[in-house]
Amino acid sequence: MVASRSGPYPIRVGSGIRERIPDWLVEMGFPVTRKVALISNTTVRAIHGKTVSDSLEARGFPVRPFDFPDGESFKTLDSVRECLDLLLASKWERQNPVLALGGGVVGDMGGFVASILLRGVPLFHIPTTVVGQVDSSIGGKTGVDHREGKNLIGSFYPPRSVWIDPSFLETLPLRERRSGLGEVIKYALIGDQKLLRFLDDNLESLSGEPFDRDAWEETIFLCASDKARIVSEDERESGVRMNLNFGHTFGHALEGAMGYDGILHGEAVGLGMIAAARIAKSLGITGSETEGMIRRYLKRAHLPDRWPEQITFADLEPFLKNDKKASSGLVTLILPVRPGEVVRTRDYEPSVLGSGLD
Ligand SMILES: NC(=O)c1ccc[n+]([C@@H]2O[C@H](COP(=O)([O-])OP(=O)(O)OC[C@H]3O[C@@H](n4cnc5c(N)ncnc54)[C@H](O)[C@@H]3O)[C@@H](O)[C@H]2O)c1
Ligand SMILES: [Zn+2]
């Protein structure tokens, strides 16, 4: 269960969840005559859309499909408007639910559509990427990008439920799956000792082929539970939820400096955690072993553990200053102390940020 301002909502995790979606809709009070929007993107629709929509239709639910084009560059108000146009043209009613089937991009846009359509219709997340399953589907943040920056338009809109089936990850490209491990390692390092021990034993099989369903199921369960607990405690990100940004200040800046090209989010977060460890060392918050420890986890996950040579601190600076979390020009840094413990600090000289890069 996740606590939110508009009441608690359940999260279900397990292989086979996807076959039971129609049952749960019924269980949650939706009669089988109710129209259901299945929002996805062209890639996910081609792989998983048919089985999900067939099972809904077999149960009696009329399904209205809508697909965004694939990619972060389509996470825009224009895409959202197209989806709204289609649903409004089919005389959408306030009781008709929206199901968002896909990665974080689909989830953020599908969630935003649900939050503004008729001032809010019931939303269900069915995440199909690692990021979707351990992060974006839980916590109620929705939205789109703007030319001024990422995620600048949006809403807090908790779903009615989140249905997480780790077996969706089997079809994810290997590099995407490994990138997701960047976020998984983050959860372990910010406080999940059980996950940390699990990764110590299983990181190779999680990052390798073939897809290890059992290991992924356990990993997703632990991370999703962490996220659920953290956002329940701090929905609006005034305290402990900020810890989830570990690795993200430099990670986002790196993605920005590279023009969101050639680096995946989880890869950038991994390098951001190294930067945080170096800064923590400069501030005397942690020892020099922390950077090496993080590098070893990244290596075992087949993630980059060295900054791209062409990126200098000067390239990152404008992005560090524009960080959404910066108030009066100073970003709250999330710094590692030891494995499983981080601290938040705004007490530093801006010049120390330069020590993040090697
Ligand atoms: N709302 C939040 O709290 C939150 C948190 C973290 C990230 N996000 C957002 O999430 C987005 C990133 O999400 P992402 O990493 O999932 O990227 P994504 O949604 O772009 O998905 C990555 C790629 O995998 C494909 N894909 C998805 N599921 C698949 C499957 N099962 N098999 C094969 N291919 C599949 C997608 O089509 C896409 O090409 C960003 O826009 C970010 O801002 C939001
Ligand atoms: Zn992230």
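These legends describe close-up views of a predicted model.

View 1. Contacts join 19 residues of domain 1 to 21 residues of domain 2. On the side of domain 1 that touches domain 2, strand 1 (11–13) and helix 5 (130–136) each give two or more residues. Helix 5 gives the most, with five residues. By class, this side of domain 1 divides into nine nonpolar, seven polar and three charged residues.

**View 2. The shell around ligand 1.** Ligand 1 is surrounded by 28 residues. The closest are Gly 103, Gly 104, Thr 129, Val 131 and Ser 136. At least two residues of the shell come from each of helix 2 (42–59), helix 4 (104–116), helix 5 and strand 7 (149–156). The shell holds seven nonpolar, 13 polar and eight charged residues.

**View 3. Val 44 in helix 2.** Val 44 is buried, because 23 other C-beta atoms lie within 10 Å and 20 or more make a residue buried. Beyond its neighbours within four places in sequence, Val 44 is in contact with Gly 49, Leu 101, Gly 102, Val 106 and Thr 128. Leu 189 is 145 residues away along the chain, and its C-alpha atom is separated from that of Val 44 by 31 Å.

**View 4. Helix 11 (residues 289–300) and its buried face.** Helix 11 has 12 residues. From first C-alpha to last it reaches 17 Å, close to the 16 Å expected at 1.5 Å a residue. Thr 290, Glu 291, Ile 294, Tyr 297 and Leu 298 are buried. Seen down the axis of helix 11, these buried residues fall within an arc of 125 degrees, so they line one face of the helix. In an α-helix, residues three or four places apart point the same way, because there are 3.6 residues a turn. The buried residues of helix 11 pack against helix 6 (174–190), helix 7 (193–207), helix 10 (265–282) and strand 9 (333–338). Glu 289, Gly 292 and Arg 296 are exposed, on the face of helix 11 turned away from its buried side. After helix 11 comes His 302, with a positive phi near 60 degrees.

**View 5. A cis peptide bond at Pro 210.** The bond from Glu 209 to Pro 210 is cis. Its omega is near -5 degrees. Pro 210 sits in the loop between helix 7 and helix 8 (213–233). Most peptide bonds are trans.

**View 6. Positive phi at Lys 91 and Asn 151.** Most residues other than glycine have a negative phi. Lys 91 is not a glycine, yet its phi is positive, about 55 degrees. Lys 91 lies in the loop between helix 3 (77–89) and strand 4 (98–102). Lys 91 counts as exposed, with 8 C-beta neighbours inside 10 Å. Asn 151 also has a positive phi, near 55 degrees. Asn 151 belongs to strand 7. Asn 151 is partly exposed, with 14 other C-beta atoms within 10 Å.

Terms used. Residues are numbered from 1 along each chain as its sequence is written. Chains are lettered from A and ligands numbered from 1 in the order in which they are written. This is a predicted model: local features need pLDDT of at least 70, side-chain atom pairs count only at pLDDT 80 or more; totals for chains, interfaces and linings use all residues. Two residues are in contact if their C-beta atoms, placed from the backbone, lie within 7 Å. Helices (H or I, at least four residues) and strands (E, at least two) are DSSP runs, numbered from the N terminus. Ala, Val, Leu, Ile, Met, Phe, Trp, Tyr, Cys and Pro count as nonpolar, Asp, Glu, Lys and Arg as charged, and the others, Gly among them, as polar. The expected span of a helix is 1.5 Å times one less than its number of residues. A residue is buried if 20 or more other C-beta atoms lie within 10 Å of its own, exposed if 12 or fewer, and partly exposed in between; C-beta atoms are placed from the backbone. The arc is that of the directions from the helix axis to the C-beta atoms. A residue is near a molecule or strand if its C-beta atom, placed from the backbone, lies within 6 Å of it.
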